[in-house]
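Biologist: Could you take a close look at one part of this model with me? I would like to hear about its packing.

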Amino acid sequence: MGQNIVTQVEYDDKIIQVKLLNVEKNSLFVGDIFKEISKKNVNIDMISQVMLEDEMRIDFTCQQTDQEKLNQALEIIKEKHPRIMIYQNRKVSKIMVEGEGMKEEVGVAANIFDIFGQCQIPLLQVTTSETSISYVIPQELTSLAVQKIKNLYQL
């Protein structure tokens, strides 16, 4: 592996992953969901969506310290949009892989996906930018994943 491609691997095991299913494909509808969450002062981190035929699924993460405020917001959302199904998982961790060299390097995500595959680590959520990739995985596999990534990139 080239030097300085990945310069930092961190994790956070104090997160909540929320999955919203049966979300209407409508920007106003989605905006309303996140407006209710922000009204309760919950700081959302990762957001990803999957478009399905007639609906979408939205996954996001926030800190466990926001659990009470999150629950209040989700109750309001459920009242306003009863068809939404809401699932929360606190037994997850977020791994953040970062490096300026990722802008120009091909295959960083492929290498990490390969590690996860070889170690049978399920991917629960993934978000990317030019210089970082964040993964949500089962909490009990965090140490293994972090160590394997650090070994690969000699950190």
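Biologist: How many residues does the largest nonpolar core have, and which of them have the most contacts inside it?

Modeller: Happy to. A word on the ground rules: this is a predicted model, in which local features need pLDDT of at least 70 and side-chain atom pairs count only at pLDDT 80 or more, while totals for chains, interfaces and linings use all residues. Residues are numbered from 1 along each chain as its sequence is written, and side-chain values use heavy atoms, leaving out hydrogens and water.

Now to your core. A nonpolar core here is a set of buried Ala, Val, Leu, Ile, Met, Phe, Trp, Tyr and Cys residues joined through side-chain atoms within 4.5 Å; buried means under 20% relative accessible area, exposed over 50%, and partly exposed in between (1.4 Å probe, protein chains only). The largest one has 20 residues, and Leu20, Val23, Ile33, Phe34, Ile37, Phe60 and Leu70 have the most contacts inside it. At least two residues each come from β2, α1 (27-39), β4 (56-63) and α2 (67-80). These elements are DSSP runs numbered from the N terminus: helices are H or I with at least four residues, strands are E with at least two. Helix α1 gives the largest share of this core, 5 residues.

Rings of Phe, Tyr and Trp (its six-membered ring) pair if their centres lie within 6.5 Å, with planes under 30 degrees apart stacked, over 60 edge-to-face and the rest tilted. The structure holds 3 aromatic pairs. One of them joins Phe113 and Tyr135: the planes stand at 90° with the centres 5.9 Å apart, so this pair is edge-to-face. Phe113 sits in helix α3 and Tyr135 in strand β8 (residues 132-138), 22 residues apart. Phe113 is partly exposed at 38% relative accessible area, whereas Tyr135 is buried at 0%. Tyr135 also forms an edge-to-face pair with Phe116, at 5.1 Å centre to centre and 80° between the planes. Phe116 is buried, as is Tyr135. Together, ring pairs link Phe113, Phe116 and Tyr135 into a cluster.
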